[in-house]
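Subject: The model we talked about

Hi there,

Here is the structure I promised to pass on. Have a look at it first, and then read my notes below.

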Amino acid sequence: MAKATREFRAYIQRKRARKKTRRIPKGVIHVQAGFNNTIVTVTDIEGRVISSSSAGICGFRSNRKGSPFAAQTVALDAMRIVLMKRAQVLIKGAGLGRDAALRAIRKRGLRLTFVRDVTPLPHNGCRPPKKRRV
């Protein structure tokens, strides 16, 4: 089982290495930072996905997927094949990877037009489950 997993990872890395770099003038970087994982997707202005990466794809497992270091690695991996000058950043979620992913994007040297938090917040939506009685 371990050998098959290793071969699969090597196949994925070879496949990802073959991707050509894409040039776009403007793009949108979506960062979804949960408590257990971080997903970064790079799209153009119309919303067509150009590149995407997650902590699991980058080789992190279990608790390490939600760490700030994993988020930084994911952000750099998602932007590896994309060359753009200006970008908008939309951050969703309350995980530990929010700030780390944004820091990695800024360090890349892009000109960010805006950074917006699009975390969904309920306006007193669903009724919560009843209290536990122990």
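I would start with strand β3, where six of the seven residues are buried, so the strand is largely enclosed by the rest of the structure. Buried here means under 20% relative accessible area, exposed means over 50%, and partly exposed is in between, with a 1.4 Å probe and protein chains only. Helices (H or I, at least four residues) and strands (E, at least two) are DSSP runs, numbered from the N terminus.

Some ground rules before the rest. This is a predicted model, in which local features need pLDDT of at least 70 and side-chain atom pairs count only at pLDDT 80 or more, while totals for chains, interfaces and linings use all residues. Residues are numbered from 1 along each chain as its sequence is written, and side-chain values use heavy atoms, with hydrogens and water left out.

**Overall picture**

The protein has three helices and seven strands, which run α-β-β-β-β-α-β-β-α-β from the N terminus on. Its C-alpha atoms fill a box of roughly 55 × 45 × 25 Å along the principal axes. Of the 134 residues, 34% count as buried. Among contacts with a separation of 6 or more, 64% come from residues 24 or more positions apart; a contact means heavy atoms within 4.5 Å.

**The sheet**

Five strands make an open sheet with mixed pairing, in the order β4-β3-β2-β6-β7. Two strands are taken to pair if DSSP finds at least two bridges between them. At the edges are β4 (49-54) and β7 (111-117), each of which pairs on one side only. From one strand to the next, the twist averages 15°. For this and the helix angles below, axes are lines fitted to C-alpha atoms, for helices over the stretch in contact, and angles run from 0 to 180 degrees between N-to-C directions.

What does β3 pair with? On one side, β3 (residues 38-44) runs antiparallel to β2 (residues 26-33) over seven bridges, and a hairpin joins β2 to β3 through four residues. Within this pair, Ile29 has Val42 as its bridge partner in β3, and Val31 stands opposite Val40. The pairing of β3 with β4 is antiparallel too, over five bridges, and Thr41 stands opposite Ser52 in β4. These two strands form a hairpin with four residues between them, and Gly47 in the turn has a positive phi of about 105°.

Helix α2 (residues 68-78) has Ala70, Ala71, Val74, Ala75, Asp77 and Ala78 buried. Seen down the axis of α2, these buried residues fall within an arc of 165°, so they line one face of the helix. The arc is that of the directions from the helix axis to the C-beta atoms.

How do α2 and α3 meet? Their axes come within 8 Å and cross at roughly 35°. The crossing is right-handed; a crossing is left-handed if the near helix is turned anticlockwise from the far one by less than a right angle, and right-handed if clockwise. From α2, Pro68, Ala71, Gln72, Ala75 and Leu76 meet Gly97, Ala100, Ala101, Ala104 and Ile105 of α3.

Lys107 is also in α3, and it is exposed, with a relative accessible area of 69%. Between Lys107 and Leu76 there are 31 residues of separation in sequence and 9.6 Å in space, C-alpha to C-alpha.

Most residues other than glycine have a negative phi, so here are two residues to check by eye. Ser62, in the loop between β4 and α2, has a positive phi near 50° and counts as exposed at 55% relative accessibility. Asn124, in the segment after β7, has a positive phi of about 55° and is likewise exposed, at 75%.

Best wishes, and happy viewing!
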